[in-house]
Amino acid sequence: MSSTLDQPKTLPLPREITTVPRFSDRVFRGIVTTGGLSTLAILALIAFFLVFNGFEVMRSEGLRFLTGFDWMDAIPEEGIAATYGIGAMLYGTLVIGILAVIFGVPVAVGAALFLSYYAPEWIKRPMVVVIDVMAAIPSVVFGLWGYFILMPHAEYWAKLIHKYLGFIPIFDMPAPAYSRSPFIAGLVLAIMIIPIVASISREVFAQTPPDRIQAAYALGATKWTMIKAVVFPYGIGGVIGGAMLGLGRALGETVAVYTVLNLVYDIRIEILLSAGGSVASMIVNKFGEADAVELQALMAAGFVLFIVTLFVNFIANIIINRTARKG
Amino acid sequence: MSTLAVKPTKPWRPKVRNLAPEIFGAFFTAFATLAIVAITPLKGRLGFSFALIAMAVFTSATISWLRRDRKAALNSVSTVFVYVAAAFVIIPLSSLLFEIVRKGIGGLSWGIFTRDMSLASADSPLTEGGLLHAVVGTLYVVALATIISTPIGFLASLYIVEVKGRFAALVRFFVQAMSGIPSIVAGLFIYAVWMIGLGNSYNVMAGAGALSILMIPTVARTSEEVLKLIPNDLREAGLALGATQWRTIAMIILPAAKSGLVTSVILGIARVAGETAPLLLTIGGADALNLNPFEGNSSALPFYVWKNYSLGNPESIQRAWLGVIVLMMMVFIFFSLARYFGRTKGARR
């Protein structure tokens with residue numbers, strides 16, 4: 001041991017300081033970058049394959065694919081060519097999505113306000129868990145519950161609405177068929193989007209600057225005037241973004257809507273009537289017995305759905321990110 | 001014993017005398033509601049809740065107005081509505097859970113986990129047949145989806161948080177948007193690639209591919225949040241000791257974030273375990289147990305529920321509810337695991 005002390009070796013050269021990453025780092029960064037960009041690649045591939053498979057139908061139908069009401073296979077023996085149009089389904093999708101937002105968002109925002117400003121401490125935690133649990137329930141379960149449990153009640157409510165508000169065109173009923181209506185689908189979807197909207201609203205409300213809240217109280221505001229003057233102006237962007245995320249979820253919902261909505265290839269303004277549309281449900285409905293051409297049409301319909309939901313989500317995320325960054 | 005324990009007084013606490021209007025208001029609301037339901041044609045549970053809400057709004061607004069002013073009355077009204085909204089969140093969920101247990105618990109037995117449907121027909125009683133094939137199918141499809149999507153999800157979040165590459169903001173944005181992809185579109189995509197493009201037939205692998213498209217954004221977003229919570233000091237300390245970025249992340253950051261990352265995977269599993277629509281297009285469905293995930297039709301719990309619901313006779317509806325309760329138990333197990341791991345992380349801090 002002592003010999004090493006007696007004979008000092010040459011000092012190591014000063015380490016060269018460089019900002020060039022080492023080989024291991026370059027490999028690592030390469031792998032991570034590939035992984036990160038693969039998510040973009042997946043999205044691009046989805047768009048490409050749906051367009052690729054649906055291109056024939058989109059080209060032959062043109063704009064009629066978006067506006068047409070008919071979805072008919074070709075009948076060669078009668079010389080009828082196939083026509084595929086998702087206009088009615090697209091309209092129906094928007095109707096149930098908007099109904100879901102109308103029913104669900106006020107409740108969700110109210111629940112978020114309750115959690116943020118009204119609830120006593122002991123009820124907060126269980127209720128947050130309840131909302132999380134709601135978000136984890138599979139859509140097929142909502143579908144079954146909506147069909148067997150909610151529908152009898154909802155039919156009764158629909159009858160009441162028709163009885164007292166029937167003079168308004170959208171509540172009119174040409175035939176007494178109340179089951180599986182857009183109204184019921186909207187209710188089920190509303191319950192499904194409540195957790196998303198509520199949790200995003202709560203996050204945004206939690207970012208309200210506490211000094212402004214205290215300032216409002218110090219000026220003698222009641223709880224409601226404080227919320228109106230401070231919380232809403234501050235968080236309105238987040239609430240709108242959350243509502244749009246909910247809308248995006250509602251537009252793409254498949255199985256739950258399929259069980260509680262009667263698909264009819266026609267545009268009807270009456271929301272209580274047992275006739276509605278949903279692009280996603282139509283795909284499941286027609287997929288089973290689709291021939292090659294109809295399959296292409298379904299791929300095209302899927303592409304339209306993909307673009308619409310992606311667009312809604314884009315806008316929603318832009319709004320939410322902007323609101324969140326303000327804090 | 002004889003020490004004089006001074007009981008702290010709370011002079012701000014309202015006395016019974018101050019609370020008298022509230023107590024009176026509560027009684028008045030209850031009686032008025034009962035009276036309305038008894039006298040007017042407003043009947044049933046719907047009529048009752050409607051009358052109750054209306055009376056609560058009316059009474060609380062009147063009391064506040066008489067005591068203070070219009071603003072206080074408005075405050076009371078909005079308070080009632082906020083409480084009603086909270087109740088509207090609780091009611092559907094409790095109804096849902098109650099009905100699932102009520103309808104599904106009857107058929108629950110050990111036997112259903114040991115038999116498949118290959119020897120039972122649609123209308124045979126619940127004592128015949130079972131859902132072994134569906135449980136195994138779900139486990140397979142979820143496990144494979146986890147294997148596919150966990151690396152991609154983690155890499156995406158590492159790219160956003162740690163590497164911060166040129167496209168980090170873009171990737172983050174698209175991952176956010178990706179979490180809104182309709183599940184049916186994921187199924188259609190896999191069908192287009194796997195069946196039409198590559199000419200394969202239905203199997204579990206295709207279902208796992210569809211589910212992982214839905215799972216990647218959940219894993220990526222949750223693990224991104226977890227990685228952001230790791231204090232920057234740790235990264236700087238690692239780099240200052242001369243470690244490369246790779247060693248810093250592998251030896252310091254990932255171990256520190258371990259429980260959070262586990263949570264993100266479990267949340268992803270809970271998200272996809274109940275997905276039905278993509279499986280309808282990809283795994284084909286079967287009544288017999290299929291132990292090979294790479295070949296042949298298979299079933300899964302959501303598929304089983306869907307199929308039995310579609311068959312529509314009383315026995316198969318019962319089977320659907322049975323499938324729902326088993327599915328919900330699985331989802332809840334994953335969900336509780338996620339919360340458990342999420343919590344231990346919080347407690348250690």
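Mentor: A helix here is a DSSP run of H or I of at least four residues, and helices are numbered from the N terminus. The model we are reading is predicted, and with that numbering B:Lys164 lies in the loop between helix 4 and helix 5 (168–178) of chain B.

Trainee: Is B:Lys164 buried or exposed?

Mentor: The reasoning rests on a count of C-beta atoms within 10 Å, where 20 or more make a residue buried and 12 or fewer make it exposed. B:Lys164 has 11 other C-beta atoms within that distance, so it is exposed.

Trainee: Where does A:Arg180 lie, and how many C-beta neighbours does it have inside 10 Å?

Mentor: A:Arg180 is found in the loop between helix 6 and helix 7 of chain A, and although it is not a glycine, its phi is positive at about 50 degrees. Its C-beta neighbours inside 10 Å number 25, so A:Arg180 counts as buried.

Trainee: Returning to chain B, how far does helix 4 reach from its first C-alpha to its last?

Mentor: One reads a helix by setting its end-to-end reach beside the span expected at 1.5 Å a residue. Helix 4 of chain B, residues 132–163, has 32 residues and reaches 44 Å, close to the expected 46 Å.

Trainee: At which residue does helix 6 of chain B bend?

Mentor: Helix 6 of chain B bends at B:Tyr191, by about 30 degrees. This helix, residues 183–197, has 15 residues and spans 20 Å between its first and last C-alpha, close to the 21 Å expected at 1.5 Å a residue. It is mostly covered, since 12 of its 15 residues are buried, and among the buried ones are B:Gly187, B:Phe189, B:Tyr191 and B:Trp194. Just after helix 6 of chain B, B:Gly199 takes a positive phi of about 75 degrees.

Trainee: What is B:Ala338 in contact with, leaving aside its neighbours within four places in sequence?

Mentor: B:Ala338 sits in helix 13 (residues 314–348) of chain B, and its contacts beyond those neighbours are B:Thr263, B:Ile266, B:Leu267 and B:Ala270. With 22 other C-beta atoms within 10 Å, B:Ala338 is buried. A separation in sequence and a separation in space should be read as two quantities: B:Ala338 and B:Leu239 are 99 residues apart in sequence, and their C-alpha atoms are 31 Å apart in space.

Trainee: How many helices and strands are there in chain B, and what is its radius of gyration?

Mentor: Chain B has 13 helices and 0 strands. Its radius of gyration is 28 Å, well over the 20 Å that the globule rule gives for 349 residues, so chain B is more spread out than a compact globule. Its C-alpha atoms fill a box of roughly 75 × 70 × 55 Å along the principal axes. Of its 349 residues, 46% count as buried, and residues 24 or more positions apart account for 70% of the contacts with a separation of 6 or more.

Trainee: Into which domains is chain B divided, and how many residues does each bring to the contact between them?

Mentor: The division gives domain 1 (19–106) and domain 2 (132–348), whose centres, taken over C-alpha atoms, are separated by 41 Å. Domain 1 of chain B and domain 2 of chain B each bring 5 residues to their contact, and on the domain 1 side these are 3 nonpolar, 1 polar and 1 charged.

Trainee: How many residues does each chain bring to the contact between chain A and chain B?

Mentor: Chain A brings 66 residues and chain B brings 71. Several helices of chain A each supply at least two residues to its side, including helix 4 (87–118) and helix 12 (292–326), while the largest share, 19 residues, comes from helix 2 of chain A. By class, the side of chain A that touches chain B has 43 nonpolar, 18 polar and 5 charged residues.

How values were computed. Residues are numbered from 1 along each chain as its sequence is written. Chains are lettered from A and ligands numbered from 1 in the order in which they are written. This is a predicted model: local features need pLDDT of at least 70, side-chain atom pairs count only at pLDDT 80 or more; totals for chains, interfaces and linings use all residues. Two residues are in contact if their C-beta atoms, placed from the backbone, lie within 7 Å. Ala, Val, Leu, Ile, Met, Phe, Trp, Tyr, Cys and Pro count as nonpolar, Asp, Glu, Lys and Arg as charged, and the others, Gly among them, as polar. The radius of gyration is taken over C-alpha atoms; the globule rule is 2.2 Å times the number of residues to the power 0.38. Domain bounds come from an automatic or database domain assignment. The expected span of a helix is 1.5 Å times one less than its number of residues. The bend at a residue is the angle between axes fitted to the seven residues ending there and the seven starting there.
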